[in-house]
Amino acid sequence: MKNTLILFICLLFYTISFSQDRMDRNEKIKALKTAYITEKLNLSKTEAEKFWPIYNAFEERMNKMREEMYRDRKSIDIDNMTEAQANTLLQKFKNSNTERNDLYNNYISDLQNVISSKKIVLLKKVEDDFKRKMFEEFKKRRHQKGDDKP
């Protein structure tokens, strides 16, 4: 049953992901991820109702923080940077890491009020499995299209 669902999810992802624009694909991937996590964690309706707002808020905040850090790193002109500017930027990086750690610790605490600790540990594995499956699907498609030329 679970293997069938996983196969269905992968096939669904395969058939829909390139037929829509990037935003639509991202929404479909998010829906697939939601279904995958819900199934793998075996969330009850009550758990899911409390879990998903916490999970989505955490993901949204982490994505914003990643985007901010990316913009900061991308805007660096290392050749013209002064030592003082570098120190300021390093402090910003350190502050961002502290903020991410605090956000993650609060996220785990919030989840502990909703689902078991075992399910929280399983969540990390399930997220990693989903990312791996999506990456494998991407590589497979890229290879099929012939885009993997050196």
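Mentor: Helices (H or I, at least four residues) and strands (E, at least two) are DSSP runs, numbered from the N terminus. Read along its sequence, this protein shows the pattern α-α-α-α-α. The model is a predicted one, in which local features need pLDDT of at least 70 and side-chain atom pairs count only at pLDDT 80 or more, while totals for chains, interfaces and linings use all residues. Residues are numbered from 1 along each chain as its sequence is written, and side-chain values use heavy atoms, with hydrogens and water left out.

Trainee: How many helices and how many strands does the protein have?

Mentor: There are 5 helices and 0 strands.

Trainee: Why is lysine 33 called buried?

Mentor: Buried means under 20% relative accessible area, whereas exposed means over 50% and partly exposed lies in between (1.4 Å probe, protein chains only). Lysine 33 has a relative accessible area of 16%, and therefore it counts as buried. This lysine 33 lies in helix 2, and, not counting residues up to four places away in sequence, lysine 33 touches Tyr55, Glu59 and Phe130, where contact means heavy atoms within 4.5 Å. Of the 150 residues of the protein, 29% count as buried.

Trainee: What makes a set of residues a nonpolar core, and which members of the largest one touch the most others?

Mentor: A nonpolar core is a set of buried Ala, Val, Leu, Ile, Met, Phe, Trp, Tyr and Cys residues joined through side-chain atoms within 4.5 Å. The largest such core has 22 residues, of which Ile37, Phe51 and Leu123 touch the most other members. Helix 2 (22-41), helix 3, helix 4 and helix 5 each supply at least two residues of this core, and helix 3 gives the most, with 7 residues. Leucine 123, leaving aside its neighbours within four places in sequence, is in contact with Ile37, Leu41, Phe51, Tyr55, Tyr107 and Leu111.

Trainee: Which residues are closest to the centre of the second largest pocket, and what makes a space a pocket?

Mentor: On a 1 Å grid over the protein atoms alone, a pocket is an open set of points where a 1.4 Å probe fits, with protein on both sides within 12 Å along at least five of seven lines, and lining residues have an atom within 4 Å of a point. The second largest pocket has a volume of about 230 Å³, a volume being the space filled by probe spheres set on the points, which are joined across faces, edges and corners. Of the 14 residues that line this second largest pocket, Phe58, Glu59, Lys124, Glu127 and Lys131 are the closest to its centre.
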